[in-house]
Amino acid sequence: MSIAERSTQTTWEGPLASGTGTFATSSSGALDGKQVTWAARTEAPGGLTSPEELAAAAHSSCFSMALALKLGENKTPPQRLDVTATVTLEEVDGAPTITTSALQVRAEVSGLDQDAFAAVVDDAAALCPVSRLFAGAKITVDASLA
């Protein structure tokens, strides 16, 4: 049984270099009307988004939730988690490929030393559904307590 299902439609008009994609009918409506272009993806964003930025948003938010859950189960809920995901698009064998997602975690958590925190981070990494989705990519986590 599905826990959740979300969808977003992208309508692309024009050739890759000069065309534009527009999101519509996203499940929440949060993406409706947002645009994506090849230039925004590979050059300057110019206020537009890209698949890599959306993947980074998915990964950072998912990992934040997984870490908050695991810290709570550890009886050390976080006061604050700042999680940044940096998703990299590279050319691999002549094809654009998302190769890495580097997570940087800065956390305010009482009652944990760095070693205990690292163990909880590892548990969160194994739990995060987006991390598992990216299993073929290199995922790194740099986590430290404030």
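Trainee: Which strands form the open sheet, and in what order?

Mentor: In this predicted model, the open sheet has three strands in the order β4-β5-β6, with mixed pairing.

Trainee: Why do β4 and β6 count as standing at the edges?

Mentor: β4 (78-92) and β6 (138-145) each have a single partner strand, so one side of each lacks a neighbour in the sheet. From one strand to the next, the twist averages 15°.

Trainee: What makes β4 and β5 a pair?

Mentor: Pairing requires at least two bridges between the strands. β4 and β5 (residues 95-109) have 14 bridges, in the antiparallel sense, so they qualify as a pair under that criterion. As one example, E90 has T97 in β5 as its bridge partner.

Trainee: Which helices pack on the sheet, and what do they touch?

Mentor: Helix α2 (residues 51-73) touches β4, β5 and β6, and its direction makes about 145° with that of β4. Helix α3 (residues 114-127) touches β5 and β6; the direction of α3 makes about 145° with that of β6. A touch here means heavy atoms within 4.5 Å.

Trainee: Why is L133 called exposed?

Mentor: The cut-off for exposed is over 50% relative accessible area. L133 has 65% relative accessibility, so L133 counts as exposed.

Trainee: Where does L133 lie, and how is it placed relative to A40?

Mentor: L133 is in helix α4 (residues 129-133). L133 and A40 are 93 residues apart along the chain, and their C-alpha atoms are separated by 24 Å.

How values were computed: Residues numbered from 1 in each chain as written. Predicted model: local features only at pLDDT ≥ 70, side-chain atom pairs only at ≥ 80, totals over all residues. Heavy atoms only, no water. Helix = DSSP H or I, 4+ residues; strand = E, 2+ residues; numbered from the N terminus. Axes fitted to C-alpha atoms, helices over the stretch in contact; angles between N-to-C directions. Buried < 20%, exposed > 50% of the residue type's maximum accessible area, 1.4 Å probe, protein only.
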